[in-house]
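Q: I'd like to learn how to read a protein structure. Could we go through one together, feature by feature?

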Amino acid sequence: MGANQKAEQEGWADVVVRILKRNDIDLITYVPDNVLRPLIDAVTDDPYFTVISPAREEEAVAIVAGAYMGGRKGVTLMQTSGFATIPNALASLACPFQLPIVMFISERGVIGEFQQGQAMVCRTMRPVLQSLGIEHFAIQDKSQVEFVVEGMIKQAFATQAPAAIILSPLLTKRPH
């Protein structure tokens, strides 16, 4: 199998794992989420990564922040409703202390969402990111994964600023 065929068969989560490694990111925090399951399983199964599953998203952000201050690179994984719990941690810790907290957020609340709470919370995510000055981008297609994830990670660490990579249902619901 050639390199192009292998890349075509690679799922979005496999691309993310490859980019995390290429950028020396070996700490992953997450609160369980079915949409992120392919990525959670991939990092959990790979001995390269230290994976921590705290009780709440604020704790996930704090772990990544502390690790960065100790010289280690990490990211945190969460769903839209989990993001709704962390604006204070971002506004009082990550933003003022210029910590490159990279968040992968599975987008819920759009495209046929069946839970009203998810839809309500989703409407607040981008305005909160915008008001805090946090760079964010929604990936809708697998062809965007490598470019966006690589660029957002590099920018976050170069500018020492939080960043949010939003994983649209157009990406995560697709077979991989």
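Q: Which residue just after α2 takes a positive phi?
A: That's D24, with a phi of about 60°. Before we go on, know that this is a predicted model, where local features need pLDDT of at least 70, side-chain atom pairs count only at pLDDT 80 or more, and totals for chains, interfaces and linings use all residues. Residues are numbered from 1 along each chain as its sequence is written, and side-chain values use heavy atoms, leaving out hydrogens and water.

Q: How many helices and strands are there in the protein?
A: Helices (H or I, at least four residues) and strands (E, at least two) are DSSP runs, numbered from the N terminus. Here you get 9 helices and 6 strands.

Q: In what order do the strands form the sheet?
A: Strands of a sheet pair through backbone hydrogen bonds, either parallel or antiparallel. Two strands count as a pair if DSSP finds at least two bridges between them. In this open sheet the order is β2-β1-β3-β4-β6-β5, with parallel pairing. At the edges sit β2 (50-52) and β5 (135-139), each pairing on one side only.

Q: Which residues stand opposite each other in these pairs?
A: Take β1 (residues 27-30) and β3 (residues 74-79), which pair in the parallel sense over 4 bridges. There, Y30 stands opposite L77 in β3. Strand β4 (residues 102-106) is joined to β6 by 5 bridges, and S106 has L167 as its bridge partner in β6. Another 5 bridges join β5 to β6, where F137 is partnered with I165.

Q: What kind of unit do β5, α8 and β6 make?
A: A crossover is right-handed if, with the strands pointing away from you, the path from the first strand over the helix to the second runs clockwise. β5, helix α8 (residues 142-159) and β6 make a right-handed β-α-β unit.

Q: Is strand β6 buried or exposed?
A: Buried means under 20% relative accessible area, exposed over 50%, and partly exposed in between (1.4 Å probe, protein chains only). In β6 (residues 163-167), 5 of the 5 residues are buried, so the strand is largely enclosed by the rest of the structure. A163, I165 and L167 cover one side, while A164 and I166 are buried on the other. For the protein's 176 residues, 47% count as buried.

Q: Which residues of the largest nonpolar core touch the most other members?
A: A nonpolar core is a set of buried Ala, Val, Leu, Ile, Met, Phe, Trp, Tyr and Cys residues joined through side-chain atoms within 4.5 Å. In the largest one, of 31 residues, the answer is W12, L20, L77, F104 and V149. Apart from it lies another core of 20 residues, among them A65, F83, I105 and I166.

Q: What is L77 in contact with?
A: Contact means heavy atoms within 4.5 Å. Leaving aside neighbours within four places in sequence, the contacts of L77 include I28, Y30, L39 and F104.

Q: Where does D33 lie?
A: In the loop between β1 and α3. D33 is buried, with a relative accessible area of 4%. Not counting residues up to four places away in sequence, D33 touches I40, Q79 and S106.

Q: How are the side chains of D33 and S106 joined?
A: By a polar contact of 2.5 Å. That term means a pair of N or O atoms within 3.5 Å; within protein, one must be able to donate a hydrogen and the other to accept it, and residues adjacent in sequence count only if both atoms are side-chain atoms.
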